[in-house]
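Subject: Structure handover

Hello,

Here is the structure I promised you. Please look through it first; my notes follow below.

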2 protein chains.
Amino acid sequence: MLVPDLREKLRRSGYTLTSQRRAVLEALSKAKGHPSAEDVYLIVKRENPRVALGTVYQALSVLEEVGIIGSKHWAESPTRYDLNVEPHLDIRCISCGEVSEVPGVALGGVEERIRNNTPYRVTRATMVVEGLCPACIDS
Amino acid sequence: MLVPDLREKLRRSGYTLTSQRRAVLEALSKAKGHPSAEDVYLIVKRENPRVALGTVYQALSVLEEVGIIGSKHWAESPTRYDLNVEPHLDIRCISCGEVSEVPGVALGGVEERIRNNTPYRVTRATMVVEGLCPACIDS
DNA sequence: CTCGGAAACAGGAATGGTTACTGATCACCA
DNA sequence: TGGTGATCAGTAACCATTCCTGTTTCCGAG
């Protein structure tokens with residue numbers, strides 16, 4: 001199964017397991033990249049044409065809150081979702097929009113240092129990386 | 001003067017110096033924080049009620065391209081602009097939206113390590129930090 | 001198993017930041 | 001100073017996302 005104790009994880013945060021939420025999770029694993037909400041919507045729709053886009057947005061936000069999926073946001077581009085909830089770097093091509101992972105780079109305790117240098121209660125510290133992918137450099 | 005050789009810097013990239021672009025720059029320095037395009041627009045409008053919001057957007061984007069100003073983007077919030085073009089960390093309160101600087105935290109060559117671990121040509125690597133500001137923690 | 005109330009959903013309208021478009025105006029070099 | 005390409009004002013359009021409303025689904029208590 002895709003996520004063990006899925007129902008239990010949702011219930012612990014006061015949510016219920018619905019077929020739509022399961023379908024969104026399955027679509028996310030099928031997409032195997034960094035799909036946007038709309039990408040997920042299109043995949044879910046292939047099997048269940050009656051799902052609403054708003055439902056996909058809501059399901060993604062619930063799944064993220066529960067900690068089953070992660071999201072990243074680049075300016076001028078829809079939010080991308082990811083089954084990989086471990087801290088890791090992704091880079092987005094400013095020309096074609098493709099997102100891929102940057103392996104082997106650790107942030108080295110930057111978040112910890114941020115916490116020690118601000119009176120804010122830090123809730124999120126993400127690296128947003130942009131560039132030109134190999135294919136777009138050549139063209 | 002706010003920026004020496006302003007005209008020259010614009011000209012070098014093929015742009016001209018206009019009163020609107022100068023006004024946007026002045027508004028940005030008056031705002032003294034991390035204003036959004038609309039914040040800048042409202043300030044500029046006080047002295048020149050005929051400016052259009054679109055002009056402010058275009059001016060900000062030109063000034064950024066030329067390297068006179070910087071911008072940062074948090075999800076679910078308009079892009080913020082800044083006269084400080086040196087690499088530095090800013091944190092945004094997820095409750096009231098206020099942005100302030102996190103002093104004394106260096107990224108320690110993370111960008112260099114990213115460049116060495118991706119086939120992309122990196123054009124931008126920013127840290128996006130969110131949290132609760134002291135005032136919002138108490139309330 | 002089944003019933004009732006709470007949660008979630010479908011469909012579509014609304015929102016908000018940003019960009020695109022068009023005819024009028026301006027900046028600047030010859 | 002005059003011409004021309006860049007820029008502007010005003011406004012419409014765009015797109016990702018959220019909101020709204022009536023209907024359906026989920027699931028724990030019995």
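A:G54 counts as exposed because it has 10 C-beta neighbours inside 10 Å. The cut-offs: a residue is buried if 20 or more other C-beta atoms lie within 10 Å of its own, exposed if 12 or fewer, and partly exposed in between, with C-beta atoms placed from the backbone. A:G54 sits in helix α4 of chain A.

Some housekeeping. This is a predicted model, in which local features need pLDDT of at least 70 and side-chain atom pairs count only at pLDDT 80 or more, while totals for chains, interfaces and linings use all residues. Residues are numbered from 1 along each chain as its sequence is written, and chains are lettered from A and ligands numbered from 1 in the order in which they are written.

**DNA strand D**

A:G54 turns up again here. Of the 25 residues around DNA strand D, it is one of those that come nearest, with A:T79, B:T18, B:Q20 and B:T55. A residue is near a molecule or strand if its C-beta atom, placed from the backbone, lies within 6 Å of it. Helices (H or I, at least four residues) and strands (E, at least two) are DSSP runs, numbered from the N terminus. α4(B) gives the most, with five residues. By class, the surface near DNA strand D has 10 nonpolar, 12 polar and three charged residues. Ala, Val, Leu, Ile, Met, Phe, Trp, Tyr, Cys and Pro count as nonpolar, Asp, Glu, Lys and Arg as charged, and the others, Gly among them, as polar.

**DNA strand C**

DNA strand C is surrounded by 26 residues. The closest are A:Q20, A:T55, B:G54, B:P78 and B:T79. At least two residues each come from α2 (19–31) and α4 of chain A, and from α1 (6–12) and α4 of chain B. Here α4(A) gives the most, with four residues. The surface near DNA strand C divides into nine nonpolar, 12 polar and five charged residues.

**Chain A**

Chain A has six helices and five strands. Their order along the sequence is α-α-α-α-β-β-β-β-α-β-α. The C-alpha atoms fill a box of roughly 45 × 40 × 25 Å, taken along the principal axes. Of the 139 residues in chain A, 29% are buried.

β3 (residues 89–93) and β4 (residues 99–102) of chain A run antiparallel and are joined by four bridges. Two strands pair if DSSP finds at least two bridges between them. A:D90 stands opposite A:E101 in β4(A). The two strands form a hairpin with five residues between them. In the turn, A:G97 has a positive phi of about 90 degrees.

**B:S100**

In chain B, B:S100 lies in strand β4 (residues 99–102). It counts as partly exposed, because it has 15 C-beta neighbours inside 10 Å. Beyond its neighbours within four places in sequence, B:S100 is in contact with B:D90 and B:I91. Contact means that the C-beta atoms of two residues, placed from the backbone, lie within 7 Å. B:H34 is 66 residues away along the chain, with its C-alpha 7.7 Å from that of B:S100.

**The A–B contact**

The contact takes 35 residues from chain B and 35 residues from chain A. On the chain B side, β3 (89–93), α5 (110–115), β5 (121–132) and α6 (134–138) give two or more residues each. β5(B) has the largest share, 12 residues. That side has 22 nonpolar, nine polar and four charged residues.

β5 (residues 121–132) of chain A pairs with β5(B) in the antiparallel sense, over 11 bridges. A:V128 stands opposite B:T126 in β5(B).

How do the copies relate? Chain B can be laid on chain A with an RMSD of 0.1 Å, by a turn of 179 degrees and a shift of 0.0 Å along the axis. That is the relation of a two-fold axis. The copies are superposed by least squares on the C-alpha atoms of residues with pLDDT of at least 70 in both. In chain B, B:M127 comes closest to the rotation axis, at 2.3 Å (C-alpha). The copies meet through the same surface, because 100% of the interface residues of chain B are also interface residues in chain A.

Best wishes
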